[in-house]
Amino acid sequence: MFGSLNKTKLIKNDLKGIAKLMYQDVSVDTWDQENLTKRNLDITIESIRYIDAYTKRLSTTQMGRELLNNHFDNFVVRIGAYIGEVIKRNINQDYKMV
């Protein structure tokens, strides 16, 4: 019954790919379309300002609260992956995700 589980290997999450979803999978909201762009979310420390503004919008707008209620885990993973990529790119030492 569970024999197929032994054959399945866990694949490590593609955090860089998940981080890209911050600008690749954007809602139809005008603010999101104008601010959550590849140009603005360029994995720099300055780009964290857009993530900060976005998280504030998620917690203070009707649409944002509905999205959080329905997709909280997705937002946590995407935002965390993006911030992790910013840290990884901007520290001056070896970085290993555990």
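1. The largest cavity is lined by Asp29, Asp32, Tyr54, Arg57, Leu58, Thr61, Met63, Gly64 and Leu67. Helices α4 (48–60) and α5 are the elements that give two or more residues to this lining. Helices here are DSSP runs (H or I, at least four residues), numbered from the N terminus. A cavity is a set of points on a 1 Å grid over the protein atoms alone where a 1.4 Å probe fits but cannot get out, and lining residues have an atom within 4 Å of a point.

2. This is a predicted model, in which local features need pLDDT of at least 70, side-chain atom pairs count only at pLDDT 80 or more, and totals for chains, interfaces and linings use all residues. Residues are numbered from 1 along each chain as its sequence is written, and side-chain values use heavy atoms, with hydrogens and water left out.

3. The volume of the largest cavity is about 40 Å³. Searching the whole structure gives 1 cavity of 30 Å³ or more. A volume is the space filled by probe spheres set on the grid points, which are joined across faces, edges and corners.

4. Asp29 and Arg57, both in the cavity lining, also form a salt bridge with each other (2.7 Å, N to O). Asp29 sits in the loop between α2 and α3 (30–35) and Arg57 in helix α4, 28 residues apart, so the pair links distant parts of the chain. The count of salt bridges is 4, by the rule of a side-chain nitrogen of Lys or Arg within 4 Å of a carboxyl oxygen of Asp or Glu.

5. The largest pocket (an open set of points with protein on both sides within 12 Å along at least five of seven lines) holds about 210 Å³ of space. Its lining has 13 residues, and Asp25, Ser27, Tyr54, Phe75 and Arg78 lie nearest the centre. Helix α5 supplies the largest share, 5 residues, while α2 (15–24) and α5 each give at least two. Tyr54 is also among the residues that line the largest cavity.
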